[in-house]
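Colleague: Could you take a close look at one residue for me, and then walk me through the pockets? I'd like to hear what sits around each of them.

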Amino acid sequence: MSAAAPRVRFAPSPTGYLHVGGARTALFNLLFARREGGVLILRVEDTDIARSSQEMVREILEGLSWLGITHDEGPFYQSSYRGQHTARALAMLEEGKAYRCFCTAEAIDARKRAVEQRGAVWKYDRACLALDSGESRRRHEASEPSCLRIRVPEGETVYDDLVHGTTSFNNADIEDLVLLRTDGSPTYNLSCVSDDIDMRVTHVIRGDDHISNTPKQIIIYRALGAEPPRFGHLPLILGADKKRLSKRHGAVSVMEYQRLGFLPEALFNFLALLGWSPGGDREIMTREEIIEAFSFEGVGSRSAVFDLDKLTWMNSEYLKRRTGADLATLARPWFDAEGLWRPEFEDVRKEWFHALMELLKDRSRLLSELARDARPFLQPEFEYDPAAVDKHLKSETAVGRLTALRDTLAGLNGFDATAAETALRDLAARLGIKAGELIHPARVALTGRMVSPGIFAVMAMMGREAVVARLDRAARFVEADRAAAGDSR
């Protein structure tokens with residue numbers, strides 16, 4: 001790593017779970033660090049004692065680990081550096097770059113209301129800036145409550161954003177922000193700048209919702225005599241309705257996507273494309289390909305849309321790339337949860353189970369769906385899709401055809417996909433019907449659904465005994481359904 005290599009940080013607050021917005025921020029920091037041969041620092045900003053929790057810290061770390069977002073330094077905990085934060089604020093006070101403010105919250109609220117009633121925009125009116133240093137010290141030593149504010153200089157704060165380009169703020173619109181609260185605790189902007197200085201952060205990559213903090217932090221950097229880092233603000237993530245992503249759009253915690261059955265590499269790939277384009281039509285990319293292609297030239301300034309359907313499609317593509325053996329391991333928790341797992345799947349029926357995963361993976365979109373789709377192969381009892389029943393098992397001929405197919409398959413000397421297909425097509429010819437008129441009811445009888453892998457592959461995977469039993473069961477179901485319908489009339 002060269003001396004000029006970047007140092008970036010991901011700094012989550014443990015007041016909530018790691019959501020997709022935070023994960024995308026962490027990911028872009030990782031991509032930039034790895035692409036440029038730099039360092040990714042993990043800093044837990046836990047200074048909100050009342051709302052922070054170790055449970056959230058564990059969830060954040062677990063989510064990052066699951067996604068494969070690995071840090072090089074840390075995790076550091078911001079609460080450990082409160083002394084440095086306070087010392088820097090007091091140094092600014094000594095240098096005349098900050099001052100004590102004795103205005104009470106009630107007094108400020110009253111002045112704010114008066115300004116807003118005139119239709120003007122409030123910002124702190126610097127009422128305490130006029131106090132001379134002697135009076136300020138006397139009142140402080142007399143234990144009169146006060147906070148510490150930075151004195152915002154005149155002029156503009158201008159910086160070159162990695163995403164938005166040259167960005168400027170009129171300092172006249174920025175109030176003298178608080179550095180230390182009346183209880184002595186450092187504020188977010190002070191703590192953030194202090195830590196970034198100590199950790200030698202060269203680039204701050206974060207969401208657009210932090211843009212308003214950037215000029216304030218640059219002012220603090222300069223008051224401390226430190227060179228500000230480069231800033232890059234990522235576009236916000238919106239739901240499909242173009243509103244800011246929230247719980248109503250579906251799962252929000254990264255670990256919720258794991259629980260739903262998504263693969264981490266699929267979510268990694270999907271998040272990388274939220275606001276960034278590698279150029280061309282590339283979508284399915286390996287981690288290494290994404291790192292190699294990443295640059296801020298490809299990061300757009302417009303909000304990105306979180307499309308759950310696209311993520312699900314992408315996950316299905318990643319499932320197809322996994323072997324049956326991989327999927328047998330990965331999907332195990334869902335088979336356990338459904339009561340479908342058997343020790344024999346790791347022993348005498350291991351090869352059969354791996355082959356079942358191979359058969360199902362092209363149509364299953366999630367690891368959880370593998371267990372759902374495997375149920376008809378593993379248990380005689382499973383539900384029929386009502387729409388499939390209505391379409392393929394309601395005709396007057398359904399029972400007769402299911403029974404005829406059952407008898408035909410039961411009488412075969414050998415049983416594999418080829419033998420089953422030949423027998424079904426011969427039966428269709430004898431009955432004077434199209435093969436599909438047997439295939440579609442058989443698919444519902446065997447899987448409960450209108451869509452499945454190839455029906456003859458399904459038969460071969462189930463085996464003759466299970467196929468015959470499921471055809472029998474479906475015929476009985478149709479007869480019972482008709483009887484119930486007759487009774488209701």
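This is a predicted model: local features need pLDDT of at least 70, side-chain atom pairs count only at pLDDT 80 or more; totals for chains, interfaces and linings use all residues.

Modeller: Asparagine 189 has a relative accessible area of 10%, so it counts as buried, the cut-off being under 20%. Its side chain makes a polar contact of 2.9 Å with the side chain of glutamine 217. Leaving out residues up to four places away in sequence, asparagine 189 touches Leu177, Asn213, Lys216, Gln217 and Ile220.

The largest pocket has a volume of about 800 Å³. It is lined by 31 residues, and those closest to its centre are His19, Gly21, Gly22, Asp209 and His210. At least two lining residues come from each of strand S1 (7-10), helix H1 (20-36) and strand S9 (203-207), with H1 giving the most, six residues. By type, the lining of the largest pocket splits into 14 nonpolar, 11 polar and six charged residues.

The second largest pocket comes in at about 370 Å³. Of the 16 residues lining it, Leu93, Ala98, Ser133, Ser136 and Arg137 are the closest to its centre. Helix H3 (82-94), strand S4 (98-101) and helix H5 (133-141) are the elements that give two or more residues to this lining, and H5 has the largest share, with four.

How values were computed. Residues are numbered from 1 along each chain as its sequence is written. Side-chain values use heavy atoms; hydrogens and water are left out. Buried means under 20% relative accessible area, exposed over 50%, partly exposed in between (1.4 Å probe, protein chains only). A polar contact is a pair of N or O atoms within 3.5 Å; within protein, one must be able to donate a hydrogen and the other to accept it, and residues adjacent in sequence count only if both atoms are side-chain atoms. Contact means heavy atoms within 4.5 Å. On a 1 Å grid over the protein atoms alone, a cavity is a set of points where a 1.4 Å probe fits but cannot get out, and a pocket is an open set with protein on both sides within 12 Å along at least five of seven lines; lining residues have an atom within 4 Å of a point. Grid points are joined across faces, edges and corners, and a volume is the space filled by probe spheres set on the points. Ala, Val, Leu, Ile, Met, Phe, Trp, Tyr, Cys and Pro count as nonpolar, Asp, Glu, Lys and Arg as charged, and the others, Gly among them, as polar.
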